[in-house]
Amino acid sequence: MVKRTPLIAGNWKMNLNLAESDSLIASVGEAIGGLEQVEVLVAPPFTSLAHVKKSIGRFKIFLAGQNMHEELSGAFTGEISAAMLLEAGCTHVILGHSERRSLFQETDQRINNKAVAAIKAGLVPIVCIGETLEEREAGRTFEIVRTQLNGSLRDFKAQKQLPKVLVLAYEPVWAIGTGKTASPEQAQEVHLIIRAWLKEHFGGPSAEATRILYGGSVKSDNIKELMAQADIDGALVGGASLKAGTFIPIIKYQ
Ligand code: PGA
């Protein structure tokens, strides 16, 4: 069995000013100290990235963009490239978050192009997928998840090669910011489907090595049970990642 290092990622969305960011980073950095068994990541808004990179200093906290454009440069007003994220100190980028999909019309094809561009540039993509409540209630969860995987990882699938570093995040849309978490069993069921899809297209070793995060109302009181599931390898945390008091216990779930 391959050991997958858990990753706890905080998606700040459009929250926290610079002073709040500094204080959060200082508290989280101090609290995790030399923690070896879990990787920690934060994804601040674009305008805070370079500043947060400085406040991270020597703390073991990875920095991620919340999105990027697939082109390296050019006439794309309002967009940010992989090269810019790298320059600001990012190592990772969140792609295809459900808010990007639903509020900004991002398609699987677009997410595929971004994931390819991120890998080419040397960023670790965290590719998000997940069904809506309507889709779940219609019994379409597995079909939707597979369709999103087929589309968002299309080029890698065509090459039958998944970049080793790529991370997936299963985030049921109905559980994001709603306080409704998927039960550990519900989450595990889908994570297993995702891993089976990975195995089918990239082979066993690649499927076993790939981290699949769970996201959607993760809190200190449900993280332990979620992480106890065989195919859950970390969490993408929104609301609870904005305060040290709620984020630190999630990081230290063990
Ligand atoms: P939440 O958000 O933890 O606030 O539900 C998760 C996410 O959107 O990544």
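Biologist: Which backbone oxygen does the side chain of serine 217 reach?
Modeller: The side chain of serine 217 reaches the backbone oxygen of alanine 175, at 2.7 Å. Keep in mind that this is a predicted model.

Biologist: And where does serine 217 lie?
Modeller: Serine 217 is in the loop between strand E7, residues 211-215, and helix H11, residues 223-227.

Biologist: Is serine 217 buried or exposed?
Modeller: Serine 217 counts as buried, because its relative accessible area is 9% and the cut-off for buried is under 20%.

Biologist: What does serine 217 touch?
Modeller: Leaving out residues up to four places away in sequence, serine 217 touches Ala175, Gly177, Thr178, Gly179, Lys180, Thr181 and Asn222. Ala175 in that list is the alanine whose backbone oxygen the serine side chain reaches.

Biologist: Now the ligand. How many residues surround the ligand, and which are the closest?
Modeller: The ligand is surrounded by 13 residues, and the closest are Lys13, His97, Glu171, Gly177 and Ser217.

Biologist: What part of serine 217 is 2.7 Å from an oxygen atom of the ligand?
Modeller: A polar backbone atom of serine 217 is at that distance from a ligand oxygen. The side chain of serine 217, for its part, reaches alanine 175.

Biologist: What about histidine 97?
Modeller: Histidine 97 has a polar side-chain atom 2.6 Å from an oxygen atom of the ligand. Glycine 177 has a backbone N or O atom 2.6 Å from a ligand oxygen.

Biologist: How much of the ligand's accessible area does the protein cover?
Modeller: On its own the ligand has 280 Å² of accessible area, and the protein covers 95% of that.

Biologist: Back to Lys13 from your list. Where is the place of lysine 13?
Modeller: Lysine 13 sits in the loop between strand E1, residues 7-11, and helix H1, residues 18-32. Its phi is near 55°, a positive value in a residue other than glycine.

Biologist: Where is glutamine 105?
Modeller: In the loop between helix H4, residues 98-103, and helix H5, residues 108-121. Glutamine 105 counts as exposed, because its relative accessibility is 60% and exposed means over 50%.

Biologist: And glutamate 106, buried or exposed?
Modeller: Glutamate 106 also lies in the loop between H4 and H5, but this residue is buried, with a relative accessible area of 6%.

Biologist: With which side chains does the side chain of glutamate 106 make polar contacts?
Modeller: One is arginine 100, at 3.0 Å. Another is lysine 114, at 2.9 Å. Not counting residues up to four places away in sequence, glutamate 106 touches Asn67, Gly96, Arg100, Arg101, Ile111 and Lys114.

Biologist: New topic, the core. Which residues in the largest nonpolar core touch the most other members?
Modeller: Ile8 and Ile194 do, in a core of 65 residues. Helix H9, residues 184-202, gives the most to this core, with 6 residues.

Biologist: What is isoleucine 8 in contact with?
Modeller: Setting aside neighbours within four places in sequence, its contacts include Val38, Val40, Leu41, Ile223, Val237, Phe247 and Tyr253. Apart from this core lies another one, of 13 residues, with Ala43, Ala64, Ile94 and Ile126 among them.

Biologist: What about the whole chain? How many helices and strands has the protein chain?
Modeller: The protein chain has 12 helices and 8 strands. Of its 254 residues, 53% count as buried.

Biologist: Why does its radius of gyration agree with a compact globule?
Modeller: Because a compact globule with 254 residues would have a radius of gyration near 18 Å, and the protein chain has 17 Å. Its C-alpha atoms fill a box of roughly 45 × 45 × 35 Å along the principal axes.

Biologist: And what share of the contacts with a separation of 6 or more comes from residues 24 or more positions apart?
Modeller: They account for 71% of those contacts in the protein chain.

Biologist: Last one. What does the accessible surface of the protein chain come to?
Modeller: About 11600 Å², and 55% of that belongs to carbon and sulfur atoms.

How values were computed:
Residues numbered from 1 in each chain as written. Predicted model: local features only at pLDDT ≥ 70, side-chain atom pairs only at ≥ 80, totals over all residues. Heavy atoms only, no water. Helix = DSSP H or I, 4+ residues; strand = E, 2+ residues; numbered from the N terminus. Buried < 20%, exposed > 50% of the residue type's maximum accessible area, 1.4 Å probe, protein only. Polar contact = N/O pair within 3.5 Å; in protein donor to acceptor, adjacent residues only side chain to side chain. Contact = heavy atoms within 4.5 Å. Core = buried A, V, L, I, M, F, W, Y, C linked by side-chain atoms within 4.5 Å. Rg over C-alpha atoms; globule rule 2.2 N^0.38 Å. Areas by Shrake-Rupley, 256 points an atom, 1.4 Å probe, with all protein chains shown as cover. Near = heavy atom within 4 Å.
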